[in-house]
Amino acid sequence: MSNDQPPPGQPPEDDPFRKRPPGDQPPPSSGSPYDGAPPPPPPPYDAGPYGGGPYGGGPYGADPLAGMPPLAEPGKRILARLIDFLIISIPLYLISLPWGGAVGGSSGNNDDDVGDLFAQTYSGHQLVWSLIGLVVYVAYDTYFTHKDGRTLGKRLLKMRVAMLNDGRVPDTGAAFMRAVVLWLPALLCCPCLWWLINIVLMFTDKPYRQGLQDKAAKTVVVTVN
């Protein structure tokens with residue numbers, strides 16, 4: 001019998017499954033299936049700022065949320081929006097007081113007609129202050145969303161706005177579109193209905209919890225550390 005045979009129970013020296021002590025590494029793979037699978041090809045997409053695929057799933061299959069940070073909770077989004085509203089509305093109201101205030105006025109009668117109430121609310125300087133408020137709110141949202149995706153309310157609650165396709169901070173056009181769709185109907189047309197629609201969408205929209213402003217600008221709101 002040859003002396004080159006290994007002792008009983010021991011694998012031969014060239015056995016690819018033999019455990020080796022640290023530092024004793026096997027030779028580079030030759031492509032054989034016994035040497036392990038070859039490395040995967042590089043991904044044909046931009047990995048994005050969070051690693052993995054871009055927003056929308058990329059190579060991760062059917063899951064559209066793969067590769068993106070967690071979506072912000074609707075309750076926190078509502079609270080952040082309330083904080084932003086107070087940050088703007090309180091100073092704006094105080095500034096408007098010498099001119100009669102920025103809230104709808106009254107003609108002094110008890111007429112409950114909705115049309116008359118609308119006319120009273122948006123007559124004269126009240127309409128002017130509503131337009132001033134619209135400009136301020138849109139400018140505020142556009143500036144901070146384009147700056148780093150976070151208004152002051154979102155910064156306090158650790159959220160930010162991100163483009164859906166790749167997670168980057170929205171550019172000026174997307175930030176402006178988002179602000180206009182959010183504030184224009186809310187301040188000049190149908191505030192209660194508009195807020196109700198957006199709140200319902202934040203809880204029910206699948207899979208990204210997008211409000212109407214997010215759908216218009218193609219954005220999502222995500223959590224940050």
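Trainee: Which residues are linked with Arg77 in a network of salt bridges?
Mentor: Arg178 and Asp214 are linked with Arg77 in that network. A salt bridge here is a side-chain nitrogen of Lys or Arg within 4 Å of a carboxyl oxygen of Asp or Glu. This is a predicted model, in which local features need pLDDT of at least 70 and side-chain atom pairs count only at pLDDT 80 or more, while totals for chains, interfaces and linings use all residues. Side-chain values use heavy atoms, with hydrogens and water left out, and residues are numbered from 1 along each chain as its sequence is written.

Trainee: How far apart are the closest N and O atoms of Asp214 and Arg77?
Mentor: They are 2.8 Å apart. Asp214 lies in helix H7 (residues 212–217) and Arg77 in helix H1, so this pair ties together parts that are 137 residues apart in sequence. Helices and strands are DSSP runs numbered from the N terminus (H or I, at least four residues, for helices; E, at least two, for strands).

Trainee: Is Asp214 buried or exposed?
Mentor: Asp214 is buried, with a relative accessible area of 0%. Arg77 is buried too, at 7%. The cut-offs are under 20% relative accessible area for buried, over 50% for exposed, and partly exposed in between, with a 1.4 Å probe and protein chains only.

Trainee: How many salt bridges does the count come to?
Mentor: Nine, by that rule. Among them, Asp148 and Arg150 meet through their side chains at 3.5 Å, N to O. Asp148 is buried at 17% relative accessible area, and Arg150 is partly exposed at 21%. Another one joins Arg168 and Asp166 at 3.1 Å, with Arg168 partly exposed at 36%.

Trainee: Back to H1. At what angle does it pack with H6?
Mentor: About 150°, with the axes of H1 (residues 74–96) and H6 (residues 191–204) 9 Å apart. Axes are lines fitted to C-alpha atoms, for helices over the stretch in contact, and angles run from 0 to 180 degrees between N-to-C directions. H1 and H6 are therefore roughly antiparallel. For the wording, under 35 degrees counts as roughly parallel, over 145 as roughly antiparallel, 65 to 115 as roughly perpendicular, and the rest as oblique.

Trainee: Which residues in H1 and H6 meet?
Mentor: On the H1 side, Pro74, Gly75, Arg77 and Ile78; on the H6 side, Ile199, Met202 and Phe203. Contact means heavy atoms within 4.5 Å. The residues of this contact divide into five nonpolar, one polar and one charged. In that scheme Ala, Val, Leu, Ile, Met, Phe, Trp, Tyr, Cys and Pro are nonpolar, Asp, Glu, Lys and Arg are charged, and the others, Gly among them, are polar.

Trainee: And where do the axes of H1 and H5 come, in distance and crossing angle?
Mentor: They come within 14 Å and cross at roughly 85°. That makes H1 roughly perpendicular to H5. Arg77, Arg81 and Phe85 in H1 meet Arg178, Leu182 and Trp183 in H5. The residues of the contact of H1 with H5 split into three nonpolar, no polar and three charged.

Trainee: Which residues make up the largest nonpolar core?
Mentor: There are 10 residues in all, including Ile88, Leu134, Tyr137, Phe144, Leu182 and Trp183. Such a core is a set of buried Ala, Val, Leu, Ile, Met, Phe, Trp, Tyr and Cys residues joined through side-chain atoms within 4.5 Å. Helices H3 (125–148) and H5 (172–188) are the elements giving two or more residues to this core, and H3 gives the most, with five. A second, separate core has seven residues, including Met68, Leu71, Leu164 and Val220.

Trainee: What does Tyr137 touch?
Mentor: Phe85, Ile88, Ser89, Trp183 and Leu187, leaving out residues up to four places away in sequence.

Trainee: New topic, backbone. Which residues does a cis peptide bond join?
Mentor: Lys206 and Pro207, with omega about 0°. Pro207 lies in the loop between H6 and H7. Arg209 is found in the loop between H6 and H7 as well, and its phi is positive, near 55°, in a residue other than glycine. Lys158 also has a positive phi, about 60°, and is not a glycine. Most residues other than glycine have a negative phi, and most peptide bonds are trans.
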